[in-house]
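Have a look at the structure first, and then I'll walk you through a few pairs.

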Amino acid sequence: MRNWLLPEYIEDVLPAEAMRIEVLRRKLLDLFKVHGYQYVIPPMLEYMESLITGAGHDLDLATFKVVDQLTGRLMGVRADMTPQAARIDAHLLNHQGVTRLCYAGSVLRTKPDGLALTREPLQIGAELYGHAGIESDIEIQRLLIKALQAIGIDEIHLDFSHVNVFGSLIEASHVDAQLEQDLYAALQSKDQPAVASLTKALDHTTREALLNLTELNGDKAILAKAFNVLPATPAIKKALDSLQQVSNAIDQLGASVSFDLSELRGYHYHSGIVFAAYAQGYKGPLALGGRYDEVGQSFGRARPATGFSLDLRGVVSALPPAKSEMAIYAPASEDALLASKVESLRNEGYVVIEALAGSDADLTELNCNKKLEHYNSGWHVVDVVKN
């Protein structure tokens, strides 16, 4: 095996693409900043107890584990920064009011995931703590739309669900853990015959409601149908009302909306509205988000929470190929006027590459389409004439 080969689904990002990703990362963090979201940098490694607390079995499976040579305790390389942000809110900041946090950094996963099919996504996200109302959910969703638009993605589509519809049906019928898991799997695949078989022993109302969930997916008309065919319990009515409010708010931003009430992604992690963002040209979701009020309690301090995250490497994968920024070539010289000109151009934002004495320069490799030449007692930028 050649020593320069990388592990499967781990790859380098080359200059043009790396610079585009970095420019967009800064752009998104600036967007979050002006909306009041404070930037945090969680560690790459944490003890497993805190890294996956309240996040469910899926995150445990996605986490690379190592033994701490100092303490002998099991540690994990972060696979998701959301639980880390919740820990920071709960234990380090300890604010009583609303806290807004954002983050950007690489995470590592045991298996490839998402649009880029990489095990090292660049995760960027925003989280809002301390507010349980629908207004904070809508704020997060609006921020997500603005973030995708800032990247250059138009015609954004948001797909919504609410885990409390399924959760309240399960709770009311006192379904055991194994049946709950089996029903969850069947609903995720919209396998109506499997749902029918699994619910034979349940009461008629719950059975019909669970069967109906497999068909409650589509545009805004689905909500009206859901109000008619699902039990009119306070929990279900509140969930559907929340989805209706979200739909009305997103309409004003120009994004299209759909609903899938059998979508239970993160069911054991999320506690309310969940959503995924899609756009033309992408095979899967660009971003995922939702409410996860229970995670703060796992850290010893119950806090309402909602947020979203996206993999920037995955999102840019469907954009046109990145191009390196063109540069200006400066010859090797001790002329103080040349040094002053180079500094002036760089201060204006131009890329200027200075020649090194004794080395040949390939202007194509250097991506230089202009150069500095001396005439009329000064240094001037001129076009490179190609042979």
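Let's start with Asp260, which is buried at a relative accessible area of 10%; buried here means under 20%, exposed is over 50%, and partly exposed is in between, using a 1.4 Å probe and protein chains only. Before I go on, this is a predicted model, so local features need pLDDT of at least 70 and side-chain atom pairs count only at pLDDT 80 or more, while totals for chains, interfaces and linings use all residues. Residues are numbered from 1 along each chain as its sequence is written, and side-chain values use heavy atoms, with hydrogens and water left out.

So, which residue forms a salt bridge with Asp260? That's Lys190, with the closest N and O atoms 2.7 Å apart. By salt bridge I mean a side-chain nitrogen of Lys or Arg within 4 Å of a carboxyl oxygen of Asp or Glu. Asp260 sits in strand E9 (residues 256–260) and Lys190 in the loop between helix H7 (177–188) and helix H8 (192–198), so this pair ties together parts 70 residues apart in sequence. Helices (H or I, at least four residues) and strands (E, at least two) are DSSP runs, numbered from the N terminus. Lys190 itself is partly exposed, at 31%.

Next one: Asp137 and Arg291 meet at 3.2 Å, N to O. Asp137 is in helix H5 (residues 134–151) and Arg291 in strand E11 (residues 287–291), 154 residues apart. Both are buried.

Then there's Glu373 with Lys371, at 3.3 Å, N to O. Glu373 is partly exposed at 32%, and Lys371 is partly exposed at 26%.

Last, Glu22, Arg25 and Arg26 are linked in a network of salt bridges.
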